[in-house]
Amino acid sequence: MAANGSTLSRRASGTSPGRFNNILKTPGRLMKYLLVLSAAIGLVAAHANAQPRVNAVLNAASYGLPGMPNEGVAQGSIATAFGTGLGTTGLKQVSALPLTTTWEGISVRITGGGQSVNAWPIQQYNGTQVSFVVPSNTPVGDGTVTVTFSGQTSAPAPIKVVARNVGVFSINSAGSGPGVFTDPLAGDVPNLLTRSSRPRQLMDIWATGLGAVSGNEAATPLPGDMTVSVEVWVGGRQAEVVYRGRSGCCVGVDQIRFRVPEGVSGCYVPVSVVAGGTVSNFTSMSIAADGGTCSEPIGVSSDLINTIASGGVLRVGNINLSRSASKFSFPGQTFDSTTDSGSASFFRYDFGRLIRSSTALGIPNFGSCSVSTFQGQTPSSLDIAQPEPLDAGDVINVNGPKGAKQLRKTQSLPGFYSAQLGGGTQIPGAPPPEPLYLDPGPYTFTSGGGTQVGPINTGMNLTALTEWTNMASIETVTRANGQLITWSGGDPNSLVYIGGTSFTGTSAQNIVGASFVCYERASAGRFMIPASVLLALPRSGTGVLALPGALTVGSYTNPATFTASGLDIGVVTAGATTSKSVTFQ
């Protein structure tokens, strides 16, 4: 749902750090999606005469969930109400200033702190979403919101208003994957895989939630540096911030200008913003030394990406063997489990999917981390860009020191293959788990091929991996202090994986949480998980469920590549991880 900059604003002269309208005038610019204020996932058209109902109100860029550290909508920001009966079918947007408190029969009222204020609706979609600007004088704290459409008013729904809570707009309009970043010195051209940023280059982050402004914000944008404390982290390195404040293009939209740090490169370099102690959603940007098309160290050249951008496709195959050991403690119970498993996936990306994806081309940069949020008990491994699955046959055969196994097609998830190869959870009184399968040594992978991917015949050598040396000493992780992880042994060229998950919720039906993933080279021997990553996770043990968090450390062999007809890139890895329950506080 595109929303162009002029629909929300009138250009302010002189003081604006950005010129958003130039982006929209340039053919092919994906920045027309900058102000896509809603996720549009699983939406259905609403009847115009239905009683309005508001289910949730979230930051329009990050969609920070209730219970998460970045929940709440900031004074002066753009928020989105999700529900039914909130408007008519189709997409409608404000087309001129000043903003009004009633638009297209829609009005939004926020009540809290003994006061009520009228917000300014600016966009509605299919009657299921209404985006609005939260006035800067809205009282901070817990309150309620009502939406009125065609004379009918919804029941009050909860809203949390905060002083600031930055959400970064993303190209996939879901608060993840590549973010909306532009070059202010080159006509505000957007950062894309084929138009990377250079180290030391000035770039603008487009966001909402920096906080309140003074003046008639409904009449015109109010640009100006807000001088609030803002940190920008790019690929694990803190960037120099030179401006943080309202944009001159749009009411409620912020720009954060920063200088790209040196020493980072890649197609999906993680980016986050910390403002007022709250961590934004994590997005990514493309960085290359020459400012051209990006590349990745594992089989993804700039020439290949240029081919995809010119109408080609990227066909990717991944095969992985993994040993997962875990020890989780609950009140009165401790569970030990060691499981060997195998998986494979085969997918096809066109350029439109590639620029919305956060997982298509591999892993975060060494020394950096990325965070994703989720609802439910298990983080999803599905790519939000929804690549097309490829058929590689019915099975992938695995042969190693302990014999032959098969990875079978997962019928419910096209493109995926998986199998438990050995091990499992030891339950008192139950038969012992199957013998473990993965031992150091050579492994081969073969298949007869399928309708889209030809026969596979490749191999790899599983070497001894690293050992997590300070595991026993970590029981509680103080998020604001960061957490040091140390390891030893293994191939110095292998990849060390560091991850964690924390949950919160008052019932099994409303669990929310966040997971982080960091990578470092084994030769480093240690990694400090930054506070700017851990503070994006909720505290463990909050809510009625009091679920523990998890910390995972392990290593993977340096990825090996393979070829097969129907694939542009094939990658094989193997590794082992160890997880334990911890408390994030």
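This is a predicted model: local features need pLDDT of at least 70, side-chain atom pairs count only at pLDDT 80 or more; totals for chains, interfaces and linings use all residues.
The structure contains 3 disulfides. When the bonded cysteines of the protein are numbered in sequence order, they pair as 1-2, 3-4, 5-6. One of these links is formed by Cys249 and Cys250, with 2.0 Å between their sulfur atoms. The torsion about the S-S bond of Cys249 and Cys250 is about -95°, and the disulfide is therefore left-handed. Cys249 has a relative accessibility of 2% and counts as buried. Cys250 is likewise buried, at a relative accessible area of 0%.

A further disulfide connects Cys267 with Cys294, at an S to S distance of 2.1 Å. Distant parts of the chain are linked by this pair, since Cys267 belongs to strand β21 (residues 266-275) whereas Cys294 sits in the loop between β23 (283-287) and α2 (302-309), 27 residues apart. About the S-S bond of Cys267 and Cys294 the torsion is about 105°, so this disulfide is right-handed. Cys267 is buried, its relative accessible area being 1%. For Cys294 the relative accessible area is 0%, and this residue is buried.

The disulfide of Cys369 and Cys518 has its sulfur atoms 2.1 Å apart. Cys369 is located in strand β26 (residues 368-375) and Cys518 in strand β37 (residues 512-521), so that parts 149 residues apart in sequence are tied together by the pair. The link of Cys369 and Cys518 is right-handed, with 105° about the S-S bond. Cys369, with 6% relative accessibility, counts as buried because this value falls under 20%. Cys518 is buried as well, with a relative accessible area of 0%.

Across the whole structure, 15 salt bridges were found. Among them is a contact between the side chains of Arg259 and Glu240, at 3.3 Å from N to O. This pair links distant parts of the chain: Arg259 is in strand β20 (residues 254-259) and Glu240 is in strand β19 (residues 237-246), 19 residues apart. Arg259 is partly exposed, at a relative accessible area of 22%. Glu240 also counts as partly exposed, with 42% relative accessibility.

Glu388 has a relative accessibility of 31% and counts as partly exposed. Both residues belong to a network of salt bridges in which Arg348, Asp350, Arg353 and Glu388 are linked.

Lys580 and Glu475 form another of the salt bridges, and their closest N and O atoms are 3.1 Å apart. Lys580 lies in strand β41 (residues 569-584), while Glu475 is in the loop between β33 and β34 (476-477); the pair therefore ties together parts that are 105 residues apart in sequence.

Strands in a sheet pair through backbone hydrogen bonds, in either a parallel or an antiparallel arrangement. Strand β35 (residues 483-488) runs antiparallel to β38, and 4 bridges join the two. Within this pairing, Thr486 is placed opposite Arg526 of β38.

Methods. Residues are numbered from 1 along each chain as its sequence is written. Side-chain values use heavy atoms; hydrogens and water are left out. Two strands pair if DSSP finds at least two bridges between them. A disulfide is a pair of cysteine sulfur atoms within 2.5 Å. Buried means under 20% relative accessible area, exposed over 50%, partly exposed in between (1.4 Å probe, protein chains only). A salt bridge is a side-chain nitrogen of Lys or Arg within 4 Å of a carboxyl oxygen of Asp or Glu.
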